[in-house]
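Work through the exercises below with the sequence and the structure at hand. Each task is followed by a solution in steps.

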Amino acid sequence: MNKNRANEVSLPAAKLRGIRNPEIELWRFFFAVMVFLSHMSVLPNGALAVDCFFLLTGYLTMNSISRARMKGNTVPGTGAFILRKLSTFYPELLVATITTIAIFLLSRPLDFQLIATAAKTMINGILPLKMTGISISYVDFNGATWYISSMLIGLIIVYPLLVRFGTHPILFIAGVIICGFLCQYHGKLNGVYAWYGFTFEGNLRAVGELLIGATAYQAIQSFSQFNLSRLGLFFVTSIKYCCIGLVGIIAALHQTWLHGFALIAGLLAIAISFSDQVSDRRIYANKICLFLGSLSLPLYLSHRAITVCADQLIPDLVVDIEWAKVVICFIYSLVLALVVQGAGKIIRQHSSKLRKLFIA
């Protein structure tokens, strides 16, 4: 028993499927912080962190499909997969929507337009339809939630392709072509609301990056099989931090033509982290990283209300002090994220009891 347990513990973290990667969880938190700083006008290209979210989702989707097949289980259909995906964030989305509406209504004079926008925000929170192009306007109080809608649309398209074709190179090439088109046509990669007559730019961005993240899965698994020396692990770890640093540098610059390089660097850093071919694994093996990772989605979903209403929420004496304004807004955003996270857990606990009444 002890011998078997020792063998299990000695396996790389990437091989222990179903266990969250603490390092990736930490990066998820910093990606959310980058988006916050972008909305505070500190990082001009900080919204590129959303691209890393799409890459991560693509990888984890392919990982989920592979895990089911390795266990001999039936791979869930697209509908079942999307419903399961919704269940992972829907309570937080609802709470973030309600708190966002409350902050806007309490911080501004009431008028018909404000109430109408609050209604749109609520509808888009209950039904993530913002990026579908239907009559409900995508202009609402919580601009950050476009990511949720585009991710779901992207997964509806990408998931059945992954189930059917796996990590076929054609899918990777298709993802690169889509992202290349966006970079070439718009001169940037982080657009959202440009309309092509059939879909929004953000949806194409989601499909392309989900495909890239998912089809990189096989390469990551193959690389994880190498038996690297300590020097090799140190070298690969150094590359990872260089890539992360490059993403940070590009996020701080105004040059939009560098967006493609940020995507490549982000993909490489994520791939190295998931391959577990690193020498710093123990640094991240703690509950703090896991906690911060669990806070990333609530922070992302709820921070926009704080950044937009910053002048109304912070003391007058620091309104004109940029660094103080950023710090106070970040503290407010963290507190709101904790509220969203806690309320989401409560809703999930009670909804699971209700769900058992209808679903075996």
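The bend at a residue is the angle between two fitted axes, one for the seven residues ending there and one for the seven starting there. Helices (H or I, at least four residues) and strands (E, at least two) are DSSP runs, numbered from the N terminus. The model is predicted, with local features needing pLDDT of at least 70 and side-chain atom pairs pLDDT 80 or more, while totals for chains, interfaces and linings use all residues. Residues are numbered from 1 along each chain as its sequence is written, and side-chain values use heavy atoms, without hydrogens and water.

**Exercise 1. Helix α6**

Task: Find where α6 bends, and by how much.

Solution. Start with the extent: α6 covers residues 146-165, which is 20 residues. The expected span of a helix is 1.5 Å times one less than its number of residues. From first C-alpha to last, α6 reaches 28 Å, close to the 28 Å expected. Next, look at L155, where α6 bends by about 30°. Finish just after α6, at G166, whose phi is positive at about 65°.

**Exercise 2. Aromatic rings**

Task: Describe the pair formed by W27 and Y284.

Solution. A pair of aromatic rings is described by the distance of the centres and the angle of the planes. Rings of Phe, Tyr and Trp (its six-membered ring) pair if their centres lie within 6.5 Å; planes under 30 degrees apart are stacked, over 60 edge-to-face, and the rest tilted. This rule gives 21 aromatic pairs. In the pair of W27 and Y284, the centres are 6.1 Å apart and the planes make 55°, which is a tilted arrangement. W27 lies in helix α2 (residues 22-39) and Y284 in helix α12 (residues 281-284), so the pair links distant parts of the chain, 257 residues apart. W27 is buried because its relative accessible area is 14%. Y284 is buried too, at 7% relative accessibility. Elsewhere in the list of ring pairs, F31, F53, F54, W146, Y147 and Y300 are linked into a cluster.

**Exercise 3. Cavities**

Solution. On a 1 Å grid over the protein atoms alone, a cavity is a set of points where a 1.4 Å probe fits but cannot get out, and lining residues have an atom within 4 Å of a point. Grid points are joined across faces, edges and corners, and a volume is the space filled by probe spheres set on the points. There are four cavities of 30 Å³ or more.

1. The largest cavity holds about 70 Å³. Its lining includes W27, F31, C52 and S273. Two or more lining residues come from each of α2, α10 (230-252) and α11 (259-275).
2. At least two come from each of α3 (49-70) and α11.

**Exercise 4. Far in sequence**

Task: How many residues apart in sequence are I24 and S273, and what is the distance in space?

Solution. I24 is in helix α2. I24 is buried, with a relative accessible area of 5%. I24 and S273 are 249 residues apart in sequence, and their C-alpha atoms are 7.0 Å apart. For a second case take A49, in helix α3. A49 has 0% relative accessibility and is therefore buried. A49 and S296 are 247 residues apart along the chain, with 12 Å between their C-alpha atoms.

Methods: Buried < 20%, exposed > 50% of the residue type's maximum accessible area, 1.4 Å probe, protein only. 1 Å grid on protein atoms, 1.4 Å probe; cavity = no way out; pocket = protein on both sides within 12 Å on 5 of 7 lines; lining within 4 Å.
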